Amino acid sequence: MATDATGTGPDFAQRLLAWFDQHGRHDLPWQREHSPYRVWLSEIMLQQTRVETVIPYFERFVEAFPDIPSLARAPLDEVLHLWTGLGYYARARNLHRAAQLVTERHGGELPADPAALQALPGIGRSTAGAILAMAWQRRAPILDGNVKRVLARHGAIAGWPGQTAVANRLWARAEQLTPTARVADYTQAIMDLGATLCTRARPPCSQCPVAADCQARSADQVSAYPGRKPSAVTPVRRSLWLILRNREGEVLLERRPPQGIWGGLWSFPECPPDTPPTAVENLCADLGCEIRTTRPGAAGRHVFTHFKLDYQTREIDVHPTLRIAEGGRLRWVDPAAPGALGLPAPVHKLLVSLAASPARTQIA
Ligand code: SF4
C-alpha cells in the first residue's frame, strides 16, 4: 500500500474510507433522511454521549420537532422534558435558542457558512465542521473527543488537548488530513474509528486501517495519548432539598434560574445543608406552606464535570396557605405523573421513589 512519508497525505483518508465502507456505521437514524437539521441535532446530542444512548432520544425529538421552526416555537419546558436523562442540559437550551435565531436570521434554514453557524449558541468549530461536511459535503475538519484521540495517537501529539497549543496542533493535523472527496463519509469514518476501534483503553490496533504509520503504536505508547488533564481535586458542593408534600401527596417543584446548573429545569426548593430549622420554616412560609411534620429523607451524590453535588433531602408534610399562580416558578406535581417538565436525573429518581411511597398525611 502506498503511504506518504508523514502518513498524513491522501492515503490516510483512502485507508480510512476503505475501512469505513466495510466496518463503519451506515444506518444511524440521522444518516437516514439526511438533512442539515438532523445532522445538527445528532451532533449536539452526541457531544459527551454514546451513540446507543442518543438513538432513542433523537427519534423522540425529531418526532416531536420535525424541523427547525417547530423546535423554535416549542416551549422550553417541552424541549427540556424530551432531554430529561440525556444530561448536559445547556445543550438543549442552546439548541432551542439557536433554532429561534435560525428562524429569525435565516428563515428557518441552517446557514451553510462556518461563521454564521459558529455565531449560533452551542455550535463550536468542530460541530460547525461536522454540519458543513455531513450536510453539504463541504471540506471542513472536525475535532471532537474521539477524533482528538485518533489524531493525538496517530501523530504522537503530546499534551492535554485542553491546552491551546496542543489543540492548535491537533486542528492543523485535522485540516491536513481531511480530503476533498467523500468528505461526509470521511467525517463519519474518523468519528467511528475513534468511537469503535481507537478506544480509550486497549484499542485493537492490529485491526486499525491506519496502524502502519501510527506513531503511538510503533513506539508502544498508545495509552500515553492524548495527554491527561493536570489533576485537580474535584470540589464537592452540598445542598439540602426540601420535599414539600401536600395532603394529596403532590410535591412542590421550583423552576431553577435559567443560568447555572440545571438551568430552567424543575427541582425541589433547596437551601444550604446547615440551615437551622427556623430558617427552613421561614423558607417554607415564603413558598406558601405551613409545616405539619418533617423527617429526614434520602441522600445522594450527582457528579458533574467540574464538581460533585451531595444532596440531602428533608421530607416535609405541609399545609399550603397560598394559591400558586399558573405558569409561575412553582408547581405542585403528582410524583407518579409529573407531566412534561424538564427534570434533573436525581429529581426524577426521587419522584419515582416518592410515587412508590404515598404521603403520610394522606394515610393519617
Ligand atoms: S493504531 Fe491503534 S492507536 Fe493508532 S490510530 Fe489505530 S487504533 Fe488508534
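**Notebook: cavities and a helix pair**

I started with the second largest cavity: H11 gives the largest share of its lining, 3 residues. Helices here are DSSP runs (H or I, at least four residues), numbered from the N terminus. A cavity is a set of points on a 1 Å grid over the protein atoms alone where a 1.4 Å probe fits but cannot get out; lining residues have an atom within 4 Å of a point.

This is a predicted model, with local features needing pLDDT of at least 70 and side-chain atom pairs counting only at pLDDT 80 or more, while totals for chains, interfaces and linings use all residues. Residues are numbered from 1 along each chain, and side-chain values use heavy atoms, without hydrogens and water.

I checked confidence next. The protein chain averages a pLDDT (the predictor's confidence in each residue, from 0 to 100) of 91, and 95% of the residues score at least 70.

I went back to the second largest cavity. I noted Tyr186, Thr187 and Ile190 among its lining residues.

I then looked up the largest cavity. Its volume is about 110 Å³. Of its 14 lining residues, Arg153, Cys198, Cys205, Cys208 and Cys214 are the closest to its centre. H9 gives the largest share of this lining, 3 residues.

Last, I looked at H2 (residues 36-46) and H8 (residues 125-136). They pack at about 145 degrees with axes 9 Å apart; axes are lines fitted to C-alpha atoms over the stretch in contact, and angles run from 0 to 180 degrees between N-to-C directions. Contact means heavy atoms within 4.5 Å. Trp40 is one of the H2 residues that meet H8.

Technical notes: Helices (H or I, at least four residues) and strands (E, at least two) are DSSP runs, numbered from the N terminus. On a 1 Å grid over the protein atoms alone, a cavity is a set of points where a 1.4 Å probe fits but cannot get out, and a pocket is an open set with protein on both sides within 12 Å along at least five of seven lines; lining residues have an atom within 4 Å of a point. Grid points are joined across faces, edges and corners, and a volume is the space filled by probe spheres set on the points.
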